[in-house]
Amino acid sequence: NDNAPRFSESSYNVYVMENNAPGASMFAVTAQDLDLEQNSYISYSFVGNYIQNLPVSTYLTINSMNGTINLLRYFDYEELKQFQILVLARDAGLPPLSSSATVNVIILDQNDNSPVIVSPSEQSGSAAEEIVPRSARQGYLVTKIMATDEDSGQNARIFY
């Protein structure tokens, strides 16, 4: 057993749309081992990874036989935009040899948040009221409406 498993890349970029379906396959890593028989059998695992202070196993699973990474929960872009995981490929030789690859997971934003009017504010749950003087002429500025949207980029553009 003189050859360690080798990934085709040292790091991978994977793009996942937020609000993804739990249980869906996200990506598959593969490594090759030039040894023969038992020495070439590879198993895959995560190494010491945490996502938002929780073990990676609360978010993802990896099939130890084929390197397929599956999602256990959905991601929300507004809470988590990206994270990294380290994947280990270990052969079955004695002693076992291994190598690792980094998977950079980038969460993509969906237009999943409605705009919220922040000004004028509603008072006690009723619609905002503005008083217009009788002397107001055409073009008089009654109020300025402002809104925000928690989405990002084009998904956060607001049209009035």
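Me: Which residues is Ser99 in contact with, once its neighbours within four places in sequence are left aside?
Reply: This is a predicted model, so take what follows as computed from it. Ser99 itself sits in strand S11, which covers residues 98-108. With the neighbours within four places in sequence set aside, the residues in contact with Ser99 are Pro5, Arg6, Phe7, Val87, Leu88 and Ala89.

Me: And which backbone oxygen does the side chain of Ser99 reach?
Reply: Pro5 and Arg6 are both among the contacts of Ser99. The distance to look for is 2.5 Å, and at that distance the Ser99 side chain reaches the backbone oxygen of Pro5.

Me: Is Ser99 buried or exposed?
Reply: The relative accessible area of Ser99 is 16%. Buried means under 20%. So Ser99, at 16%, counts as buried.

Me: How far from Asp76 is the nearest side chain of opposite charge?
Reply: Asp76 belongs to the loop between strand S9 (68-71) and strand S10 (82-91). Asp76 is buried and yet has no salt bridge. A salt bridge would need a side-chain nitrogen of Lys or Arg within 4 Å of a carboxyl oxygen. The nearest side chain of opposite charge is that of Lys81, and its distance is 7.9 Å.

Me: Then what is Asp76 in contact with, leaving aside neighbours within four places in sequence?
Reply: Asp76 lies in the loop from S9 to S10. Contact here means heavy atoms within 4.5 Å. Beyond its sequence neighbours within four places, Asp76 is in contact with Glu18 and Asp112.

Me: How many helices and strands does the protein have?
Reply: Reading from the N terminus, the elements run β-β-β-β-β-β-β-β-β-β-β-β-β. The count is therefore zero helices and 13 strands.

Me: What is the radius of gyration of the protein?
Reply: For 160 residues the globule rule gives 15 Å, and the protein comes out well over that, so it is more spread out than a compact globule. The C-alpha trace spans about 90 × 25 × 20 Å along its principal axes. The radius of gyration is 26 Å.

Me: How far apart are the C-alpha atoms of Thr143 and Gly67?
Reply: Thr143 is in the loop between strand S12 (116-119) and strand S13 (146-148), where it touches Pro120 and Glu130, not counting residues up to four places away in sequence. Gly67 is 76 residues away along the chain, and the C-alpha separation is 58 Å.

Me: Which peptide bond is cis with omega near 0°?
Reply: Most peptide bonds are trans. The bond from Leu94 to Pro95 is cis, but its omega is near -10°, and Pro95 is in the loop between S10 and S11. Pro120, in the loop between S12 and S13, gives the bond asked for: Ser119 to Pro120.

Me: Is Glu37 buried or exposed?
Reply: Glu37 is not a glycine, yet it has a positive phi of about 50°, and its place is the loop between S4 and S5. Its relative accessibility is 64%, so Glu37 counts as exposed.

Notes: Residues are numbered from 1 along each chain as its sequence is written. This is a predicted model: local features need pLDDT of at least 70, side-chain atom pairs count only at pLDDT 80 or more; totals for chains, interfaces and linings use all residues. Side-chain values use heavy atoms; hydrogens and water are left out. Helices (H or I, at least four residues) and strands (E, at least two) are DSSP runs, numbered from the N terminus. Buried means under 20% relative accessible area, exposed over 50%, partly exposed in between (1.4 Å probe, protein chains only). Lys and Arg count as positive and Asp and Glu as negative; His and the chain ends are not counted. A polar contact is a pair of N or O atoms within 3.5 Å; within protein, one must be able to donate a hydrogen and the other to accept it, and residues adjacent in sequence count only if both atoms are side-chain atoms. The radius of gyration is taken over C-alpha atoms; the globule rule is 2.2 Å times the number of residues to the power 0.38.
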